[in-house]
Amino acid sequence: MKPRTAVVPVEEIFDLRWRVLRPGLPRESAIFLEDGHPLAFHMAAYGGGDEVVACVTLFPEQLPGDAAIAYRIRGMASAPEVRGRGYGSALLHAALEQARQRGAELVWCNGRTSARGFWEGQGFTAVGEEFVLEPAGPHYLFVAKPV
């Protein structure tokens with residue numbers, strides 16, 4: 001069965017984002033400036049009930065050096081207990097479809113090096129060299145065309 005996904009208010013995904021992406025840091029560290037962008041959207045994937053088990057935020061932002069209409073991914077997270085069970089993949093594909101419907105010609109993100117296999121398995125390509133983003137650590141730039 002395909003996981004249920006939905007576009008939701010940021011408040012619905014915030015707790016999971018904070019717990020997974022900013023553990024041990026103040027809650028405010030999981031607030032992104034882009035959350036308030038008028039064209040940003042936030043999505044959740046749900047477990048057996050109303051529990052958010054994966055989340056992502058997308059907003060319009062050009063990929064540096066590329067003129068294509070682009071959306072950027074931030075705050076993609078899955079609860080540790082559901083990793084490898086298809087929730088993140090289902091959520092990402094739903095988010096890419098939303099971005100495509102909103103005019104995106106490409107989607108990009110700064111993804112954690114530890115998640116490289118996930119991003120590449122979803123059709124993203126790592127571009128350039130590894131770099132460090134504090135406080136999260138090593139990352140790559142990943143790019144894909146929304147399908």
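Visitor: Which strand gives the most to the lining of the largest pocket?

Guide: In this predicted model, local features need pLDDT of at least 70 and side-chain atom pairs pLDDT 80 or more, while totals for chains, interfaces and linings use all residues. Residues are numbered from 1 along each chain as its sequence is written, and side-chain values use heavy atoms, leaving out hydrogens and water. Seven residues of the lining come from the strand that gives the most, strand 4.

Visitor: Which helices each supply at least two residues of that lining?

Guide: Helices (H or I, at least four residues) and strands (E, at least two) are DSSP runs numbered from the N terminus. Strand 4 (70-78) and strand 5 (106-112) each supply at least two residues of the lining of the largest pocket. The helices that do so are helix 1 (10-21), helix 2 (87-101) and helix 3 (116-121).

Visitor: Which strands stand at the edges of the sheet?

Guide: The open sheet has seven strands with mixed pairing, in the order 1-2-3-4-5-7-6; strands pair if DSSP finds at least two bridges between them. A strand with a single partner has one side left without a neighbour in the sheet, so the edges belong to strand 1 (4-8) and strand 6 (125-133).

Visitor: How many bridges join strand 6 to strand 7?

Guide: Strand 6 and strand 7 form a hairpin, with three residues between them. The number of bridges joining strand 6 to strand 7 is six.

Visitor: What is the bridge partner of Val-107 in strand 7?

Guide: Strand 5 pairs with strand 7 (residues 137-144) in the antiparallel sense over six bridges. Cys-109 stands opposite Phe-142 of strand 7. For Val-107, the bridge partner in strand 7 is Ala-144.

Visitor: How many of the eight residues of strand 7 are buried?

Guide: Buried means under 20% relative accessible area, exposed over 50% and partly exposed in between (1.4 Å probe, protein chains only). Strand 7 is largely enclosed by the rest of the structure, because its count of buried residues, out of eight, is seven.

Visitor: Which strands do the buried residues of helix 1 pack against?

Guide: The buried residues in helix 1 are Val-10, Ile-13, Phe-14, Leu-16, Arg-17, Val-20 and Leu-21. They pack against strand 1, strand 2, strand 3, strand 4 and strand 5.

Visitor: What is the C-alpha to C-alpha distance in space between Gly-75 and Leu-21?

Guide: Gly-75 belongs to strand 4 and is buried, at 10% relative accessible area. Contact means heavy atoms within 4.5 Å; leaving aside neighbours within four places in sequence, Gly-75 is in contact with Arg-17, Leu-21, Phe-32, Cys-55 and Val-56. Although 54 residues separate Gly-75 and Leu-21 in sequence, their C-alpha atoms lie apart in space by 7.3 Å.

Visitor: Is Glu-34 buried or exposed?

Guide: Glu-34 is placed in the loop between helix 1 and strand 2. Leaving aside neighbours within four places in sequence, Glu-34 is in contact with Ala-40, Phe-59, Arg-72 and Arg-74. Its relative accessibility is 17%, so Glu-34 counts as buried.
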